[in-house]
Amino acid sequence: MADSTTSLPSPDAVLDERALSKLRWRCRRGLLENDLFIERFFARHESGLTVRQADALGVLMDLSDNDLLDLLLGRKEPQGDQAHPDVMQVLGLLRAARQPV
């Protein structure tokens with residue numbers, strides 16, 4: 001009997017090209033300021049992004065544009081689900097992307 005379950009990638013596996021493309025599409029925002037942070041983030045980190053980091057980035061992308069910008073600018077700190085260590089790590093990378101490459 002063949003195994004019909006699909007194995008999920010390891011959380012520490014690097015994203016493949018298709019998953020990276022989907023993530024970039026998911027990260028498109030309505031505020032230019034957010035897009036600038038995100039574009040710089042991808043310019044620095046896209047080649048090594050892991051499944052875990054992509055999931056954490058997805059949590060941040062669930063926020064409204066204004067709430068995301070408040071986090072990126074350090075006006076607010078993550079609360080609830082956003083305070084997870086993986087999300088905090090990705091937020092730190094996004095905040096560091098504030099400076100141009």
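Which residues in α2 meet which residues in α5? In α2 they are F37, I38, F41, R44 and H45, and in α5 they are V90, L93, L94, R95 and A96. The legends below place this meeting in its surroundings.

The model is predicted, so local features need pLDDT of at least 70 and side-chain atom pairs count only at pLDDT 80 or more, while totals for chains, interfaces and linings use all residues. Residues are numbered from 1 along each chain as its sequence is written, and side-chain values use heavy atoms, with hydrogens and water left out.

**View 1. Overview of the protein chain.** The protein chain has five helices and zero strands, in the order α-α-α-α-α from the N terminus. Helices (H or I, at least four residues) and strands (E, at least two) are DSSP runs, numbered from the N terminus. Of the 101 residues in the protein chain, 34% are buried. Buried means under 20% relative accessible area, exposed means over 50%, and partly exposed lies in between (1.4 Å probe, protein chains only). Among contacts between residues at least 6 apart in sequence, 67% join residues at least 24 apart; contact means heavy atoms within 4.5 Å.

View 2. Helix α2 spans residues 32-45, which is 14 residues. From its first C-alpha to its last it reaches 20 Å, close to the 20 Å expected at 1.5 Å a residue. The expected span is 1.5 Å times one less than the number of residues. N34, F37, I38, F41 and F42 are the buried residues of α2. They lie on the same side of α2 because they cover an arc of only 130° around the axis; the arc is that of the directions from the helix axis to the C-beta atoms. The face turned away from this buried side carries the exposed residues L32 and A43. The cover over the buried residues includes α1 (17-26), α3 (51-61), α4 (65-72) and α5 (85-96).

**View 3. Packing of α2 against α5.** Two packed helices are described by the angle between their axes and the distance between the axes. For α2 and α5 the angle is about 100° and the axes are 8 Å apart. Axes are lines fitted to C-alpha atoms, for helices over the stretch in contact, and angles run from 0 to 180 degrees between N-to-C directions. The two helices, α2 and α5, are therefore roughly perpendicular to each other. Angles of 65 to 115 degrees count as roughly perpendicular, under 35 as roughly parallel, over 145 as roughly antiparallel and the rest as oblique.

**View 4. A97, in the segment after α5.** A97 belongs to the segment after α5 and is buried, at 0% relative accessibility. A97 and R40 are 57 residues apart in sequence, yet their C-alpha atoms are 5.4 Å apart in space. Not counting residues up to four places away in sequence, A97 touches F37, R40, F41 and R44.

**View 5. R29, between α1 and α2.** R29 sits in the loop between α1 and α2 and is buried, with a relative accessible area of 14%. The side chains of R29 and D65 are joined by a polar contact of 2.7 Å. A polar contact is a pair of N or O atoms within 3.5 Å; within protein, one must be able to donate a hydrogen and the other to accept it, and residues adjacent in sequence count only if both atoms are side-chain atoms. Leaving aside neighbours within four places in sequence, the contacts of R29 include N34, D35 and I38, as well as M61, L63 and L68.

View 6. L68, L69, D70, L71 and L72 are buried in α4, and what covers the buried residues of α4 includes α2, α3 and α5. After α4 comes G74, whose phi is positive, near 75°. E77 lies in the loop between α4 and α5 and is partly exposed, with a relative accessible area of 42%. The side chain of E77 makes a polar contact of 3.4 Å with the side chain of R95. Not counting residues up to four places away in sequence, E77 touches L71, M88 and R95.

**View 7. T50 and R52.** T50 is in the loop between α2 and α3 and counts as buried, at 14% relative accessibility. R52 lies in helix α3 and is partly exposed, with a relative accessible area of 31%. Residues up to four places away in sequence aside, T50 touches P11, D12, A13, V14 and L15, and R52 touches P11, D12 and D86.
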